[in-house]
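Thanks for coming. I will take a few salt bridges and then the interface, and keep it short.

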There are 2 protein chains.
Amino acid sequence: MEALDKQDPQPQQGSLAFFTFLVLVIQCVGLTAVILVAVWMGHYRGGFDWGPDNPSKEFNYHPVFMVIGMIFLYSDAILAYRVFRNVKKTYSKVVHGAIHIGALLFSAVGLKAVFDSHNYAKPPIPNLYSLHSWLGLAAVILYGIQWLSGFVAFAFPSLSLGAKKLYMPHHVFWGVAILCLATGAALMGITEKALFTNCFTKNFHYSALPSEGLVINFLGVAIVVLVALVIYVVTRPEYKRQPSPDEEHIQLVG
Amino acid sequence: MEALDKQDPQPQQGSLAFFTFLVLVIQCVGLTAVILVAVWMGHYRGGFDWGPDNPSKEFNYHPVFMVIGMIFLYSDAILAYRVFRNVKKTYSKVVHGAIHIGALLFSAVGLKAVFDSHNYAKPPIPNLYSLHSWLGLAAVILYGIQWLSGFVAFAFPSLSLGAKKLYMPHHVFWGVAILCLATGAALMGITEKALFTNCFTKNFHYSALPSEGLVINFLGVAIVVLVALVIYVVTRPEYKRQPSPDEEHIQLVG
């Protein structure tokens with residue numbers, strides 16, 4: 001197939017070693033974020049339950065599933081092309097799309113958990129009034145649209161090579177932008193949960209920075225470091241996946 | 001002087017018109033954000049005062065000055081090279097650096113306001129315990145380091161052309177990354193102030209979404225739209241400032 005752009009310079013051996021190091025750091029920081037949010041909800045906030053009998057424990061699934069879906073899996077899906085750099089492009093495309101499906105499923109269940117927990121509460125808590133809820137829902141909806149657009153454009157029925165080339169920079173920009181929006185929503189969600197706990201329970205005084213406060217803050221720090229590293233890796237031209245000479249290739253950076 | 005990279009294609013007339021439109025939208029959205037935060041603090045939260053007699057009114061300077069400094073002026077400073085595309089590069093460099101100094105000054109006074117308001121409160125409120133304060137302070141410190149590094153590298157004493165070329169992508173990456181971090185900190189700060197007001201005053205019920213709640217949410221939406229547009233404009237290669245044939249030029253995108 002036709003190669004659309006000039007061949008990029010191959011990355012140096014040293015720079016690929018640093019790339020591998022960065023990807024490992026990203027996995028560690030991502031797992032740390034998932035563990036921290038699970039410890040916060042599971043240990044400090046009473047654990048998990050599903051259904052109308054215990055809405056506050058159903059709520060606890062919300063932060064955990066959103067961090068797994070909209071932050072950690074989303075990040076790994078973005079990285080798929082660069083990590084699977086030596087396999088056929090079709091395979092890395094399938095991995096990219098499949099991890100994103102996983103991310104969307106976790107996010108959907110995470111959203112169901114927070115709506116349920118509001119509706120089951122006595123009295124019920126209104127939905128969608130806070131800035132966190134507005135921007136968080138916008139992030140998930142945009143993410144769903146992005147997945148569908150990407151599937152239609154690049155998988156089935158798939159656009160012409162020229163149209164793919166025109167769409168690709170927008171797919172990349174929106175992919176990174178929605179990850180940033182999800183990160184902002186996550187940071188607001190963490191702040192909301194910390195402050196509501198501070199205001200309405202007797203066993204947490206945020207300003208004294210007890211162990212739960214440190215878990216909360218390092219969760220936020222881990223999410224920010226994770227997303228910053230992911231965006232660094234995907235915007236550095238030397239870490240771009242190199243096309244094999246016989247495959248079609250669409251330039252990522254304009 | 002030597003031109004380091006190949007000449008980029010000139011932007012189309014139509015795309016420059018769209019660029020001008022985007023810059024005008026950015027100014028309108030930025031001013032809207034500044035007005036909304038000023039109305040929130042000035043009208044709904046009791047207005048402004050400076051000094052130990054009224055710490056809660058000194059606090060009110062904090063959100064306003066941080067939005068002006070770390071969001072609106074920061075954004076305009078980033079845009080300076082693209083907006084002043086037809087003047088000598090030295091002039092746009094001076095504008096870029098000068099707006100950033102203004103942004104840093106507003107941020108410094110905004111930080112002084114929040115520390116004062118905590119220290120003057122009776123009893124004093126601990127400083128730097130929340131995730132907002134950690135990430136917000138990190139953003140301001142990184143921003144100061146970025147300004148100094150940029151000044152040393154590009155203004156005085158200034159690096160060699162080759163070293164500038166190596167440093168430039170990092171200057172750009174960190175400039176955008178710190179703006180994103182500042183945006184995350186702003187969204188958390190908005191959430192904190194909204195929830196503390198909800199918890200500790202009788203005249204604001206966030207979940208009923210009164211007019212103050214709408215001001216709060218649209219402030220957050222305006223900040224997100226502003227920053228997304230700024231990053232879109234500065235990452236689109238067709239809006240890059242074109243070097244005059246006789247000036248040194250450092251490629252922004254690797």
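Is A:Glu212 buried or exposed? A:Glu212 is buried, at a relative accessible area of 4%. Keep in mind that this is a predicted model.

The partner of A:Glu212 is A:Arg45: their side chains form a salt bridge, 2.8 Å from N to O. A:Arg45 sits in the loop between helix 1 and helix 2 of chain A, and A:Glu212 in helix 7 of chain A, so this pair ties together parts 167 residues apart in sequence. A:Arg45 is buried too, with a relative accessible area of 16%.

Next, A:Lys112 and A:Asp116, whose closest N and O atoms are 3.1 Å apart in a salt bridge. Both lie in helix 4 of chain A, 4 residues apart, or about one turn of the helix. A:Lys112 is partly exposed at 42% relative accessible area, while A:Asp116 is buried at 7%.

Over all chains the count is 6 salt bridges. How many cross the interface of chain B and chain A? The rule finds 0 there. What the two chains do have is 6 residue pairs in polar contact, both residues at pLDDT 80 or more.

As for area, chain B and chain A bury about 3200 Å² between them, with 81% of it on carbon and sulfur atoms. B:Tyr129, B:Leu131 and B:Trp134 supply 18% of what chain B buries against chain A, more than any other three residues.

How values were computed:
Residues are numbered from 1 along each chain as its sequence is written. Chains are lettered from A and ligands numbered from 1 in the order in which they are written. This is a predicted model: local features need pLDDT of at least 70, side-chain atom pairs count only at pLDDT 80 or more; totals for chains, interfaces and linings use all residues. Side-chain values use heavy atoms; hydrogens and water are left out. Buried area is the accessible area (1.4 Å probe) that two parts lose on being put together, summed over both. A salt bridge is a side-chain nitrogen of Lys or Arg within 4 Å of a carboxyl oxygen of Asp or Glu. A polar contact is a pair of N or O atoms within 3.5 Å; within protein, one must be able to donate a hydrogen and the other to accept it, and residues adjacent in sequence count only if both atoms are side-chain atoms. Helices (H or I, at least four residues) and strands (E, at least two) are DSSP runs, numbered from the N terminus. Buried means under 20% relative accessible area, exposed over 50%, partly exposed in between (1.4 Å probe, protein chains only).
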